[in-house]
Amino acid sequence: MKHIRNFCIIAHIDHGKSTLADRLLEFTKTVGARDMQAQLLDDMDLERERGITIKSHAIQMNYTYQGEIYTLNLIDTPGHVDFSYEVSRSIAACEGALLLVDASQGIEAQTISNLYLAMNNDLVIIPVLNKIDLPGSMPEEVKDEMVDLLGCERDEIIPASGKEGIGVPEILAAIVERIPAPKGDPNGELQALIFDSHFNSYRGIEVIFRVKNGRIRKGDRVKFMNTGKEYIADEVGTLGLEQVPKSVIECGDVGYLISGIKVAKEVKVGDTITELDRPAKSAIQGFSEVKPMVFAGIYPVETSEFEDLREAMEKLQLNDAALVWEPETSAALGFGFRCGFLGMLHMEIVQERLEREFDMTVITTVPSVRFEVITTKDETLIVSAPAEMPDPSTISWIEEPFIKAQIITKADYVGAIIGLCMDKRSLLKNQVYLTQDRVELQFEMPLAEVVFDFFDKLKTISRGYASLDYEFIGNRESTMVKLDIMLNGDRVDALSAIVHRDKAYEWGKKLCEKLRELLPRQQFEIAIQAAIGQKIIARETVKALRKDVLAKCYGGDISRKRKLLEKQKKGKKRMRQVGNVEIPQEAFMAVLKIN
Ligand code: GDP
Ligand code: MG
């Protein structure tokens, strides 16, 4: 145990975490130069393309320091608010953290939120000033920020460049010297914290854990304390670039377990593994079930592909424990699935994986948060889709989820950002100048407002100089209403949304305008109406195609006609028919783009 160090790297997105991790692996010869490809730990295609870490990974390195060999376990953490519970469990598996700050950017929202998580777990923080090779770096200013934030000494900050390999030996030395060895009782009852799991189609689920007390041996009968499930430890081992099977994983160390588990859902991050014959008295603190925060319908574009979509969803769920779904029907879209996601990024990931890995073309409906509706009979209904909203006369009140949001930006944009947040029904709770030019703002805001294009707007009004992080703080009462859209008198269920009453009129008006732009003209007029209950609150009209335009098209030469037909066929791929009106896919997402 004396020679083990468990650490993670916390950083804002793009501050160089993956690049530095690569350098550490190289320097400790964990990977040979031959196997080196940029950003080794981000192995999902999507992660590489987006340059973000979606799933966390752990990797073990050996490092000789002053003649002694140390085992360094690097626990990589996902870098997005959607996955903050996973981050918190990864941090709970460590004794120390490298806090990486880009010398040309300074401290950002994620730096701070992750730092707080690390400090809550009493981690030793090693401050690293990264990207000092950049011509635009401002080492002295950013060091000032770091000293202010951490209360550390200036000379504790290690200047580095993951790209150029500067500072790597100093960082490794600091990991050994400053981060304490793990504590724990090697002969006590087994308590191992599950902080990650991976899906392997041949071997089942690989569970990644950190032993807090006792040890885990190959062949042990084990029990997951929160789910109550029992397994045999068919294989245990450590994680290098490949898995290295071992006969035992000792107290303080990090390892993997394979025991024939087929379904990701059985393995819950934050759960405790113990030995069946000599169980621990209690589970490790901090376990909670991850709850989906955002809900949307997913439908196949071709209605005949419903069964294929079901199969794809089942497969996705095998390796994505956070994804939940159930069948749903929509009058407009047919058979599909109601899905729950951790957040907007998670939703996008699922949609993209369905399209790439399973070759499905899907329509996703307007996302919603989870409302609690208290009825006049004093019952509490969970409503996460407009269709589930009961008749207004039966509602006593409605509660919606609120978040605490942290935004860091330049002083110039403070006014505009406060304006935007106020418009999103937010309360400004705090405003702190980190330096003369950089400000931290804290808001309480409804999650429902973030679900619509808040990120995009924030980026636009701050020209990219704003970072955002948030956490769920609880439900609050709000006057929400269900807003319906009708096309030629038919309600289009997939276009309904739950919105705040004060915003319903503006919302209805803008949505009608947007739909007028998006709906293709047809041979007849289309009336677009927004309604709350029976009351029409907005109306737009799509004019009919002029006869002569049609005549021209269809009277034209044959090749042009064929081209036109082909084009129409392609266009149809993402069209849906409601009554006699054809609706393109974009229309179902139009709600997200309303200003
Ligand atoms: P992550 O999001 O924190 O994992 O960041 P990455 O490691 O993916 O790096 C983000 C971008 O910054 C990439 O384009 C890297 O090539 C670049 N980068 C990372 N470290 C350095 C560095 O030390 N110097 C410079 N100039 N660029 C870097
Ligand atoms: Mg990364």
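How many residues surround ligand 1, and which are the closest? The shell has 17 residues, and D14, K17, S18, T19 and D133 are the closest. A residue belongs to the surroundings if one of its heavy atoms lies within 4 Å of the molecule.

This is a predicted model, in which local features need pLDDT of at least 70, side-chain atom pairs count only at pLDDT 80 or more, and totals for chains, interfaces and linings use all residues. Residues are numbered from 1 along each chain as its sequence is written, chains are lettered from A and ligands numbered from 1 in the order in which they are written, and side-chain values use heavy atoms, with hydrogens and water left out.

1. Composition of the ligand shell. The residues around ligand 1 divide into 2 nonpolar, 10 polar and 5 charged. In this division Ala, Val, Leu, Ile, Met, Phe, Trp, Tyr, Cys and Pro count as nonpolar, Asp, Glu, Lys and Arg as charged, and the others, Gly among them, as polar. Helix α1 (residues 17-27) supplies the largest share of the shell, 3 residues. Helices (H or I, at least four residues) and strands (E, at least two) are DSSP runs, numbered from the N terminus.

2. Polar contacts of the ligand. A polar contact is a pair of N or O atoms within 3.5 Å; within protein, one must be able to donate a hydrogen and the other to accept it, and residues adjacent in sequence count only if both atoms are side-chain atoms. A polar backbone atom of K17 lies 2.7 Å from an oxygen atom of ligand 1, and a polar backbone atom of H15 lies 3.5 Å from an oxygen atom of the ligand. S161 contributes a polar side-chain atom, 3.1 Å from an oxygen atom of ligand 1. Taken alone, the ligand exposes 580 Å², of which the protein buries 80%. These areas come from the Shrake-Rupley method with a 1.4 Å probe; for residues, only the protein chains shown count as cover.

3. Strand β23 (residues 395-410) is mostly covered, with 12 of its 16 residues buried. Buried means under 20% relative accessible area, exposed over 50%, and partly exposed in between (1.4 Å probe, protein chains only). Two strands pair if DSSP finds at least two bridges between them. β23 runs antiparallel to strand β26 (residues 466-478), joined by 12 bridges, and antiparallel to strand β25 (residues 438-446), joined by 9 bridges. Strand β21 (residues 371-375) is also antiparallel to β23, with 4 bridges. Individual bridge partners include Q406 with D469 in β26, I403 with M445 in β25, and T375 with I395 in β23.

4. The enclosed strand β12. Why is strand β12 (residues 235-239) described as largely enclosed by the rest of the structure? The description applies because 5 of its 5 residues are buried. β12 is antiparallel to strand β13 (residues 243-246) over 4 bridges, and a hairpin of 3 residues joins the two strands. Within this pairing, T238 has V244 in β13 as its bridge partner. β12 also runs antiparallel to strand β15 (residues 254-258) through 3 bridges, where V236 is partnered by L257.

5. The open four-stranded sheet. An open sheet of 4 strands has the order β18-β19-β17-β20, with antiparallel pairing. β18 (324-330) and β20 (362-364) stand at the edges with a single partner strand each, so one side of each has no neighbour in the sheet. The twist averages 30° from one strand to the next; axes are lines fitted to C-alpha atoms, for helices over the stretch in contact, and angles run from 0 to 180 degrees between N-to-C directions. β18 pairs with strand β19 (residues 334-341) in the antiparallel sense over 7 bridges, and V324 stands opposite G340 in β19.

6. Loop residues. Q66 has a positive phi of about 45° although it is not a glycine. Q66 lies in the loop between β2 (58-65) and β3 (68-75) and is exposed, with a relative accessible area of 68%. D378 likewise is not a glycine and has a positive phi of about 70°; D378 is in the loop between β21 and β22 (380-383) and counts as exposed at 63% relative accessibility. T365, in the loop between β20 and β21, counts as buried at 7% relative accessibility. The side chain of T365 reaches the backbone nitrogen of G297 at 2.8 Å.
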